[in-house]
Amino acid sequence: MKLKNLFVITAAALAAAPAVADINVGVVASLTGPAAALGAETRKAVSLFPTTVGGEKVNFILLDDTTDPTAAVKNARKLISEDKVDAILGPNLISTAVAMADVANGEKVPMISVAPLDVSGDKRGFVFRSEPSADLMVQRVVADMLANGVKTVGFIGFSDSWGEVLHKALTKAAEGKITIVASERYGRADPSVQAQALKVISAKPDAVFVGASGTPAAMPQITLRERGFKGRIYQSHGVTSKEFLRVGGKNVEGALIPVGPVLVAEQLPDSHPTKKNAVAFVQTLEAKYGPDSRSTFAGATWDAWLLLQNAIAGAQKAKVKAGTPEYRAALRDGIEKTSKLVGTNGVYSMAAGDHAGYDASAIVMIKVENNHWKLVK
Amino acid sequence: MDAEIIAMLGQDGVTNGAIYALLALALVLVFAVTRVIFIPQGEFLAWGALTMAALESGHFPATVWLLVGCGVLTLAVDGFSATGRRSIGRSLLWNLAYPLALAGLLWGLSLAELPTAARVLIALAIVVPMGPMLYRVAFQPVAEAPVLVLLIISVAVHLAMVGLGLLIFGPEGSRTQPFSEAQFELGSLMIGGHTLVVLAASVVLIVALYLFFDRTLYGKALRATAINRNGARLMGISPALAGRLTFFLAAVIGVLSGLLVAPITTIYYDSGFLIGLKGFVAAIIGGLASYPLAAGGAILVGLLESFSSFWASAFKDVIVFTLIIPVLMWRSLTSHHVEEEE
């Protein structure tokens, strides 16, 4: 809330020529609660957003949803009715995003989610996203498995919705190509995954896919390695934080992970479309927050802004006045017309039937090597 | 499924069961003496483990400031209801001088170079005193309240502690170094050194508790209070002292089990609750009254958890917590219900 006040005060103090209305953008992130680590990344990216676009002043209003869908909805309503925002960016989780999407769509305010929620259908007419879906990520994993001669795979994942999403994606992507020989579940707070690891090892898979996120994803890999599993171990894109490396230590060496390219920006080949943008973003971010402070989450937030910025520029050309329903509709149409927009974390091309529009060829595989992320060539 | 897998699952189940057993004993103890269903038991486990992790990485453990805060709060409560100068003096010593002295000592030490034994002692010294302080602040003023009121307070304390845990440790978890990296081969079975440490520590702690209750005056006073609160009071046993002593023991057990479990799994600020809940299932098997039954129940819970993770990992927690239903039915059919004197 303090941050919000600050923005409002600066907005009042620096109010530009009264003839031109300011553009107001609401950002909702999980700054506290279980997903606070993700919210922190969004906050970093927001602090780098420009304050003007094409001479028009942009105000950002950042609110905390406390990782709670109810609070997220309240924030969305407040942003729309009190702050009269022209667009909403965020939030970080599917649960909060689903809750907010209905509000944004009902009030006809364009929203760009950083969480991979489903954005197809009539009820998502004003909702877009900048984060690639789990399906795309897992398809990349399966492609890598096939390229390395993997024929059987074991799955150990969370016994919650995230584990389910990844398991479904794996089943779909592997169908007819790779056999899933074991599917085991565990809880984030479980004291042990010995039994699950034993079951998977006894099925003798060529590779194991760990369908988990954050630091709890390290445990199955640690246990598998301790029990002598020698095959390839794949992790999902939910583990790409420094904390995962800290907790996993030497046992997560060699883990293979599909990610958006921003995490290994400098290592990308020059032919990779996002290299230039990703490197520039990472350098700005790390100049402000110190070395190794990058994350794909910050990159996705930045790309959400790029999508919006692009639409704002379009609306300026059409001379629509900010703060009006016509302006919001123009932004929505603008985002939907996005074509081959190169961001930091991928390339985006939206269409009426595709509000996710993430080009899967931007996804790269990385490997944990000497406790660092290394691009797999 | 062959003998080797059964042996491994058994080893895993018994190791976790030993930790649940410690928590179950603490729960039974606290309930018997103070009638509090001690939901925050798991938080002591998490705080102990995370304090240890902070010490290992050479950070100044933030729990020290929490100890200072708890001390000041306790001192305020003591000062509010003070009876004499001596009791205030003692309260000053324990609730203000001790936490500050500890903070000063830790400030001076170079934490990263300490031997493991010293770290264990420091973690105990920081977290354990919060047990009696907690009793003084939250439970002693309402010691005579009905069980339900005490349970509600217990839930409130649990929520407050989880929130504070998030504040001081952050959302990410930690693991600590195992006390022993050794591996022993028993036939085809590999036994980790840390497994033996967990089992040995649990057995030692259980024997120590037995000796304490059977041989020492304070232990007998606690038992007397558990059997008949009013009778014990008439014999000159202070219920307040009994309560504080109980919470002290519960905190010791909680922190020790935290130190034992942290090398096996990653501990988060909120991990304590689920582990404590499994201890609670074991305590229920013991009817919240019998120590040996609770310990046996804990081993059963550990084994059940381990084997059900092997056969049906998605339903593991369902199976473990469903255990409570037949146990409750069996208990209510076999034991006579006695109305508690209020």
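Which residue takes a positive phi in the hairpin of β2(A) and β3(A)? It's Gly54(A), with phi near 55 degrees, in a hairpin that has two residues between the strands. Keep in mind that this is a predicted model, where local features need pLDDT of at least 70, side-chain atom pairs count only at pLDDT 80 or more, and totals for chains, interfaces and linings use all residues. Residues are numbered from 1 along each chain as its sequence is written, chains are lettered from A and ligands numbered from 1 in the order in which they are written, and side-chain values use heavy atoms, with hydrogens and water left out.

**Domains of chain A**

- Between them, six residues of domain 1 of chain A are in contact with seven residues of domain 2 of chain A; contact means heavy atoms within 4.5 Å.
- UniProt, in an unreviewed entry, lists residues 23–367 of chain A for "domain: Leucine-binding protein"; positions are given in the numbering used here, feature names are shortened, and annotations may be inferred rather than shown by experiment.
- That span of chain A, 23–367, is 41% helix and 18% strand, and its end C-alpha atoms lie 42 Å apart. Helices (H or I, at least four residues) and strands (E, at least two) are DSSP runs, numbered from the N terminus.

**The six-stranded sheet**

- In chain A, six strands make an open sheet with mixed pairing, ordered β2-β3-β1-β4-β5-β6. Two strands count as paired if DSSP finds at least two bridges between them.
- β2 (52–53) and β6 (127–129) of chain A are the edge strands with a single partner strand each, so one side of each has no neighbour in the sheet.
- At the β6 end, strand β5 (residues 111–113) of chain A runs parallel to β6(A), joined by three bridges, and Met111(A) stands opposite Val127(A) in β6(A).
- Helix α12 (residues 325–336) of chain A packs on the sheet, touching β1 (23–29), β4 (87–89), β5 and β6 of chain A. Its direction makes about 40 degrees with that of β6(A); axes are lines fitted to C-alpha atoms, for helices over the stretch in contact, and angles run from 0 to 180 degrees between N-to-C directions.
- β1(A) and β3(A) pair in parallel over seven bridges, with Asn24(A) opposite Asn59(A) in β3(A).
- β2(A) and β3(A) run antiparallel, joined by two bridges, and Thr52(A) stands opposite Lys57(A) in β3(A).
- Strand β3 (residues 56–64) of chain A is mostly covered, with eight of its nine residues buried. Buried means under 20% relative accessible area, exposed over 50%, and partly exposed in between (1.4 Å probe, protein chains only).

- Most residues other than glycine have a negative phi, and most peptide bonds are trans.
- The peptide bond from Gly90(A) to Pro91(A) is cis, with omega near -5 degrees; Pro91(A) is in the loop between β4 and α4 (94–106) of chain A.
- Lys84(A) has a positive phi near 50 degrees, lies in the loop between α3 (69–81) and β4 of chain A, and is exposed at 51% relative accessible area.
- Lys108(A) also has a positive phi, near 55 degrees, in the loop between α4 and β5 of chain A.

**Two buried helix residues**

- Glu41(A), in helix α2 (residues 36–47) of chain A, is buried at 13% relative accessible area. Leaving out residues up to four places away in sequence, Glu41(A) touches Ser293(A), Ser295(A), Phe297(A) and Ala298(A).
- Val200(A), in helix α7 (residues 194–202) of chain A, is buried at 0%. With the exclusion of residues up to four places away in sequence, its contacts include Gly154(A), Phe155(A), Ile156(A) and Val208(A).

**Nonpolar cores**

- The largest nonpolar core has 83 residues, and Phe38(B), Phe44(B), Trp47(B), Phe139(B), Ile267(B) and Val301(B) touch the most other members. Such a core is a set of buried Ala, Val, Leu, Ile, Met, Phe, Trp, Tyr and Cys residues joined through side-chain atoms within 4.5 Å.
- Helix α1 (residues 3–34) of chain B gives the largest share of this core, 14 residues.
- Apart from it lies another core of 53 residues, among them Leu170(A), Ala218(A), Phe229(A) and Val259(A).
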